[in-house]
Amino acid sequence: MVRATWLLRKRSKRFSPSSVPCLFYGKEVVVEMLKVLLRPAQKQDYIFLKILLYNAIFIPESIEPLPFSIIDNPQISKYIKGWKRKTDIGIIAETEEGAIGGIWTRFFNKSDQGYGYVSDDIPELSMSVLEEYRNIGIG
């Protein structure tokens with residue numbers, strides 16, 4: 001994992017998500033008697049990432065949920081717009097019923113910062129699990 005971190009930090013021209021080792025791809029994990037498969041996020045996961053992005057927005061219980069269209073706001077949509085860029089990395093968790101959650105990273109730069117921007121060479125991390133699968137050890 002040190003090598004993968006170095007590649008991310010250097011933003012090497014040779015970088016590709018396949019160069020980042022993941023011991024969990026294709027493995028089944030049993031969580032609360034639910035078999036969960038972890039796999040790399042692909043370009044075709046864009047629609048599901050939109051759902052995850054919406055679910056990742058923290059909204060206190062005392063506030064009405066925001067409309068789904070909030071993810072069209074450029075400050076929010078930038079986390080998945082144009083998925084999958086060369087340096088985007090993501091993992092999708094799925095069961096026999098379908099995708100249930102995911103985690104992904106994206107690089108931003110100083111002129112186009114995300115909410116958790118640290119520097120150009122450190123990606124921001126986003127994650128979400130569908131509400132009906134929360135609090136059972138998946139995330």
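1. Asn-135 is found in the segment that follows strand S5 (124-129), and in this predicted model its phi is near 65 degrees, which is a positive value in a residue other than glycine. Most residues other than glycine have a negative phi. With a relative accessible area of 81%, Asn-135 counts as exposed, because the cut-off for that class is over 50%.

2. Most peptide bonds are trans. Lys-84 has its place in the loop between helix H3 (74-77) and strand S3 (89-95).

3. On the surface, Ile-47, Ile-51 and Phe-68 form a nonpolar patch, and together these residues have about 270 Å² of accessible area. Ile-47, one of the members of this patch, lies in helix H2, which covers residues 46-56. Ile-47 counts as exposed because its relative accessibility is 56%, and the class begins over 50%.

4. Which residues line the second largest pocket? The lining consists of Tyr-54, Asn-55, Ile-57, Ile-59, Ile-63, Glu-64, Pro-65, Glu-131 and Arg-134, and the volume of this pocket is about 280 Å³. Sorted by class, the lining of the second largest pocket holds five nonpolar residues, one polar residue and three charged residues.

Conventions: Residues numbered from 1 in each chain as written. Predicted model: local features only at pLDDT ≥ 70, side-chain atom pairs only at ≥ 80, totals over all residues. Heavy atoms only, no water. Patch = residues over 30% accessible without salt bridge, like charges linked within 9 Å, V, L, I, M, F, W, Y side chains within 5 Å. Areas by Shrake-Rupley, 256 points an atom, 1.4 Å probe, with all protein chains shown as cover. Salt bridge = Lys/Arg side-chain N within 4 Å of Asp/Glu carboxyl O. Helix = DSSP H or I, 4+ residues; strand = E, 2+ residues; numbered from the N terminus. Buried < 20%, exposed > 50% of the residue type's maximum accessible area, 1.4 Å probe, protein only. 1 Å grid on protein atoms, 1.4 Å probe; cavity = no way out; pocket = protein on both sides within 12 Å on 5 of 7 lines; lining within 4 Å. Points joined across faces, edges and corners; volume = space filled by probe spheres on them. Nonpolar A, V, L, I, M, F, W, Y, C, P; charged D, E, K, R; others polar.
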